[in-house]
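Hello,

Here is the structure I said I would pass on. Please open it and keep it in view while you read the notes below.

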Amino acid sequence: MGIDISQASLEEIGEEHVGTSLETPLREDAFEMDDDLKVELIEKHFREIMHIMGLDLTDDSLKGTPHRVAKMYVKEVFSGLNPKNKPIAKLFENKYKYKEMLVEKDITFHSHCEHHFVPIYGNAHVAYISKGEVIGLSKINRIVQYFAKRPQVQERLTMQIGNELKEVLKTDDVAVILDANHMCVSSRGVQDTNSSTVTSFYSGKFEKDEQSRNEFLKYISLEK
Ligand SMILES: [Zn+2]
């Protein structure tokens, strides 16, 4: 059981976008229901939300919205909650014995703030130093997108990507930087449209060795 937190501090956690754990808080029975049943139930509840807001659900334009939203939640924007959708990363032998840093920058991602369920979008920059095996480049994008497709806080998303890459690539030498815009900051609340949020994850050489870290930072700041 969680600690009893007062309503006021729960409000503050949400408004200040504080995450409370590294793992996405999922229940043990999270996937006992199949996707189709989830779509059916969410559709019903979303229809109810729209109805309560006073919308006329017999209108042709609105009629299909509850189903579309439910399908989008389960099969698209929150599909990364389900471990069965986790990308399987195939590794290749590093034939060229490439020992330098590999950087993939400007990986676009779309996520959702878990406190308001509105979009977070931005770019991820990822680097690793191979310990003998390499990963297909598109797999890095897929790993980023898998973890992005969850209700998230940006710090957790950064760390989940970093930890997954460490595990998949069997190396500690991993760095991740996310630069993102939060619609819950730009379209509501303080309505700041200019600010972006940068978070980082440095492990192994990137954590210990300033030169590696600076090299990575230099690559990602290159003009396109
Ligand atoms: Zn938010």
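**What was found**

At 1% relative accessibility, Cys113 is classed as buried, because buried means under 20%. This is a predicted model, so please read everything here as computed from predicted coordinates.

Cys113 is part of strand S2. Setting aside residues up to four places away in sequence, Cys113 touches His17, Val118, Ile120, Gln152 and Cys184. Cys184 has a relative accessibility of 2% and so counts as buried. When neighbours within four places in sequence are left out, the contacts of Cys184 are His17, Cys113, His116, Val118, Pro119 and Gly189.

Which residues does UniProt list for "binding site"? The entry, which is unreviewed, gives Cys113, His116 and Cys184. These residues span 72 residues in sequence, yet no two of their C-alpha atoms are more than 7.5 Å apart, so they gather at one spot.

**The sheet**

Strand S2 belongs to an open sheet of five strands, in the order S5-S2-S3-S6-S7 and with mixed pairing. Strands S5 (151-152) and S7 (197-202) are at the edges; each has a single partner strand, so one side of each has no neighbour in the sheet. Strands of a sheet pair through backbone hydrogen bonds, and they do so either parallel or antiparallel.

- S2 (residues 101-113) and S3 (residues 119-129) run antiparallel and are joined by ten bridges. In this pair, His110 is opposite Tyr121 of S3.
- S3 and S6 also run antiparallel, with nine bridges between them. Here Ala124 has Leu178 in S6 as its bridge partner.
- S6 and S7 are antiparallel too, paired over six bridges. Ile177 is opposite Ser200 of S7.

How many residues of S6 are buried? Seven of its nine residues are, which leaves S6 mostly covered.

Helix H9 (residues 210-220) packs on the sheet and touches S2, S3, S6 (174-182) and S7. The direction of H9 makes about 70° with that of S2.

**The cavity**

The structure has one cavity of 30 Å³ or more. The volume of the largest cavity is about 40 Å³. Its lining is made up of Ala180, Asn181, His182, Val185, Asp192, Ser195, Ser196 and Thr197. Strand S6 gives the largest share of that lining, with three residues.

**The whole protein**

The protein contains nine helices and seven strands. Its C-alpha trace spans about 65 × 45 × 35 Å along the principal axes. The protein has 224 residues, and 37% of them count as buried. Among contacts with a separation of 6 or more, 69% are between residues 24 or more positions apart.

Regards

Methods:
Residues numbered from 1 in each chain as written. Predicted model: local features only at pLDDT ≥ 70, side-chain atom pairs only at ≥ 80, totals over all residues. Heavy atoms only, no water. Pairing = 2+ DSSP bridges. Helix = DSSP H or I, 4+ residues; strand = E, 2+ residues; numbered from the N terminus. Contact = heavy atoms within 4.5 Å. Axes fitted to C-alpha atoms, helices over the stretch in contact; angles between N-to-C directions. UniProt positions renumbered as here; feature names shortened; annotations may be inferred. Buried < 20%, exposed > 50% of the residue type's maximum accessible area, 1.4 Å probe, protein only. 1 Å grid on protein atoms, 1.4 Å probe; cavity = no way out; pocket = protein on both sides within 12 Å on 5 of 7 lines; lining within 4 Å. Points joined across faces, edges and corners; volume = space filled by probe spheres on them.
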